[in-house]
Amino acid sequence: MFQLINLPYAPDVLEPAISAHTLEFHHGKHLRAYVDNLNKLLPGSEYESLPLEDIVRKAPAGPVFNNAGQILNHNMYFQQFSHKPQTAPSGRLAAQIEKQWSSLDAFKAEFVAKGVGLFGSGWVWLSAAEDGSLVITQEPGAGNPVTKGLKPLLTFDVWEHAYYLDFQNRRADQLNALWGIVDWKVVEERYR
Ligand SMILES: [Fe+2]
């Protein structure tokens, strides 16, 4: 049985980037539904005792993949934010971003452009390859870069349910606002 994660912050502290109202629906309704759905699908299946990441790697396109992927994606998404974030990467991650994009701002611009350019619902991801190089990918639906052998580090949710209550159709405004609450300490820990 998978459990709905608890948010590591009070529901109103991420405002105005993410309102308490949005969190109430996004975490309390949408993510809860993915958890409930997966828990109904797993009993008696070959995925029953696997960790979440392994289910996402192994399940073919369909309900098990979609619900497991959405749980993994949302867990990583919600846990990367803080109202008192480390506002920029440091150390090895900062050096790698500098090497590949020349500046943090150039990286952020490409990340947001790929999020805005993803047609329909999905996720934009920063991941690490085995050699430590970084890659930005667009993943439609419940996609997660673990299915490509990458290590996911940072993600922005571009499903409308993530931002419609606060930003209506202004996806770019939502994505740019998220930079103010990304805790790069969490992203650096994932990069280790
Ligand atoms: Fe979402």
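This is a predicted model: local features need pLDDT of at least 70, side-chain atom pairs count only at pLDDT 80 or more; totals for chains, interfaces and linings use all residues.

Student: Which domains does the domain assignment give, and how many Å separate their centres?

Tutor: The assignment divides the protein into domain 1, covering 20-79, and domain 2, covering 91-191. Taking the centres of domain 1 and domain 2 over C-alpha atoms, the separation is 20 Å.

Student: Which element gives the most to the side of domain 1 that touches domain 2?

Tutor: On the two sides of this contact there are 17 residues of domain 1 and 15 residues of domain 2. The elements that give two or more residues to the domain 1 side are helix 1, helix 2 and helix 3. The element that gives the most, with 9 residues, is helix 3.

Student: Why does the distance between the end C-alpha atoms of helix 3 agree with its 17 residues?

Tutor: Helix 3 runs over residues 63-79, and at 1.5 Å a residue its 17 residues should span 24 Å. The expected span is 1.5 Å times one less than the number of residues. The end C-alpha atoms of helix 3 agree with this expectation because they are 24 Å apart.

Student: Is helix 3 mostly covered or mostly uncovered, and against which elements do its buried residues pack?

Tutor: Helix 3 is mostly covered, as 12 of its 17 residues are buried.

Student: In what order do the 3 strands form the open sheet, and which are the edge strands?

Tutor: The 3 strands are arranged in the order 2-1-3, with antiparallel pairing, and the twist from one strand to the next averages 25°. Each edge strand pairs on one side only, and the edge strands are strand 2 (134-140) and strand 3.

Student: How many bridges join strand 1 to strand 2, and what is the bridge partner of Val-124 in strand 2?

Tutor: Strand 1 and strand 2 run antiparallel and are joined by 7 bridges. The partner of Val-124 in strand 2 is Gln-138.

Student: Is Ser-127 buried or exposed?

Tutor: Ser-127 has its place in strand 1, and, leaving aside neighbours within four places in sequence, its contacts include Val-135, Thr-137, Pro-145 and Leu-153. A residue counts as buried when 20 or more other C-beta atoms lie within 10 Å of its own. Ser-127 has 23 other C-beta atoms within 10 Å, and therefore it is buried.

Student: Is Ser-102, with its positive phi, buried or exposed?

Tutor: Ser-102 is found in the loop between helix 4 (91-101) and helix 5 (104-116), and its phi is about 75° although it is not a glycine.

Student: Where is Pro-16, and what is the form of the peptide bond from Glu-15 to Pro-16?

Tutor: Pro-16 has its place in the segment before helix 1. With omega near 5°, the peptide bond from Glu-15 to Pro-16 is cis.

Definitions and conventions:
Residues are numbered from 1 along each chain as its sequence is written. Helices (H or I, at least four residues) and strands (E, at least two) are DSSP runs, numbered from the N terminus. Domain bounds come from an automatic or database domain assignment. Two residues are in contact if their C-beta atoms, placed from the backbone, lie within 7 Å. Two strands pair if DSSP finds at least two bridges between them. Axes are lines fitted to C-alpha atoms, for helices over the stretch in contact, and angles run from 0 to 180 degrees between N-to-C directions.
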